[in-house]
Amino acid sequence: ESLIDIKDIGRKYVIGTEVIHALKSVSLSIKKGEFVALMGPSGSGKSTLMNILGCLDTPTKGEYILNGTNVSHMSENQLADVRNKEIGFVFQTFNLLPRSTSLDNVALPLIYAGLKKKDRENRAQAALESVGLGTRVMHKPNELSGGQRQRVAVARALINNPSIILADEPTGNLDTKTSVEIMGLLEEIHSKGNTIILVTHEEDIAQHAHRIVRMRDGLIENDYVNTDIKSVS
Ligand code: ADP
Ligand code: ADP
């Protein structure tokens with residue numbers, strides 16, 4: 001029983017008379033609790049695949065079954081609902097609201113979930129404590145370090161108990177020491193049973209994952225269990 005079941009998907013972009021096959025034929029099954037790194041050179045299709053995995057886009061052929069639901073042919077509104085329920089996003093550039101506190105940034109997804117203000121704040125406070133930012137709840141992003149901003153983003157990604165965490169180059173804007181700290185945080189989240197899919201260019205970062213999928217030219221070139229897992233702790 002897979003959490004993610006992708007069967008022979010393709011994604012083409014048509015620009016005028018040009019057709020770009022960003023994904024040619026990709027099949028991928030991911031079980032609950034896996035920690036997967038997605039690698040590959042620029043232009044190999046990683047962003048296209050992540051956009052589909054995150055229900056930001058749909059394939060132009062094949063099927064994507066997420067948590068038992070076929071999301072391949074959904075409308076924008078249906079996809080937005082699935083995203084809010086199932087996916088937590090972490091980005092290279094943090095994507096926090098600059099004028100909002102850590103607490104408000106983390107509580108934001110709970111507005112869509114329909115929780116009352118007090119409940120949202122209590123949940124966000126607990127989430128910030130769980131990522132080690134209990135003393136930074138009223139700070140705004142520009143009052144935090146890069147690593148602290150990414151911790152806020154991780155707390156926000158987790159707040160709805162999503163089925164999957166999608167982290168796109170989460171250490172791309174961080175120095176080596178801070179990158180290792182963030183990978184330690186992702187390891188901790190994984191150890192609690194969460195499913196994580198991570199895109200990275202860096203071999204060292206990918207080595208924290210338990211499975212490595214390498215793409216090339218819109219295809220999966222290689223998919224293997226990482227027997228040499230690097231752990232922060
Ligand atoms: P990254 O590889 O850093 O994630 P992007 O996904 O933004 O970068 O872009 C990767 C490649 O896809 C680039 O070569 C870019 O020119 C191309 N690309 C992205 N979006 C578009 C678009 N809307 N139209 C045409 N080409 C695009
Ligand atoms: P990666 O993330 O591995 O760099 P992408 O998924 O961004 O790869 O791109 C795969 C291919 O699809 C590239 O040839 C890229 O130029 C093209 N591409 C990506 N996004 C678009 C888009 N929105 N419109 C047109 N072409 C795109």
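Me: How far is the oxygen atom of ligand 2 from a polar backbone atom of Gly-45?

Reply: That oxygen atom sits 3.1 Å from a polar backbone atom of Gly-45. This is a predicted model, where local features need pLDDT of at least 70, side-chain atom pairs count only at pLDDT 80 or more, and totals for chains, interfaces and linings use all residues. Residues are numbered from 1 along each chain as its sequence is written, chains are lettered from A and ligands numbered from 1 in the order in which they are written, and side-chain values use heavy atoms, with hydrogens and water left out.

Me: How much of ligand 2 does the protein bury?

Reply: 63% of the 550 Å² that ligand 2 exposes when taken alone. Accessible areas come from the Shrake-Rupley method with a 1.4 Å probe; for residues, only the protein chains shown count as cover.

Me: What do Gly-43 and Tyr-13 do there?

Reply: A backbone N or O atom of Gly-43 is 2.6 Å from an oxygen atom of ligand 2. Tyr-13 places a polar side-chain atom 3.4 Å from a nitrogen atom of ligand 2.

Me: Which element gives the most to the shell around ligand 2?

Reply: α1, with three residues. β1 (4-15), β2 (18-30) and α1 (46-53) each supply at least two. Helices (H or I, at least four residues) and strands (E, at least two) are DSSP runs, numbered from the N terminus. Residues around ligand 2 have a heavy atom within 4 Å of it; they include Ile-15, Pro-41, Lys-46 and Thr-48.

Me: How do the residues of that shell divide?

Reply: Five nonpolar, six polar and one charged. Ala, Val, Leu, Ile, Met, Phe, Trp, Tyr, Cys and Pro count as nonpolar, Asp, Glu, Lys and Arg as charged, and the others, Gly among them, as polar.

Me: New topic. Which residues touch the most other members of the largest nonpolar core?

Reply: Phe-35, Val-106, Leu-128, Val-152, Val-154, Ile-189 and Leu-198, out of 38 residues. A nonpolar core is a set of buried Ala, Val, Leu, Ile, Met, Phe, Trp, Tyr and Cys residues joined through side-chain atoms within 4.5 Å. Buried means under 20% relative accessible area, exposed over 50%, partly exposed in between (1.4 Å probe, protein chains only).

Me: Where does the largest share of this core come from?

Reply: From α5, with six residues.

Me: And what does Val-154 touch?

Reply: Val-90, Val-131, Leu-185 and Ile-189, leaving out residues up to four places away in sequence. Contact means heavy atoms within 4.5 Å. A second, separate core has 29 residues, among them Val-26 and Leu-66.

Me: Ser-72: buried or exposed?

Reply: Buried, because its relative accessibility is 3%. Ser-72 lies in the loop between β5 (69-70) and α2 (76-86).

Me: Which side chains have a polar contact with Ser-72?

Reply: Glu-63 at 3.2 Å and Asn-70 at 2.5 Å. A polar contact is a pair of N or O atoms within 3.5 Å; within protein, one must be able to donate a hydrogen and the other to accept it, and residues adjacent in sequence count only if both atoms are side-chain atoms.

Me: And Thr-135, buried or exposed?

Reply: Exposed, because its relative accessible area is 61%. Thr-135 is in the loop between α4 and α5. Its side chain makes a 3.0 Å polar contact with that of Arg-136.

Me: Last one. Where is Gln-92 found?

Reply: In the loop between β6 (87-91) and α3. Gln-92 is partly exposed, at 31% relative accessible area.
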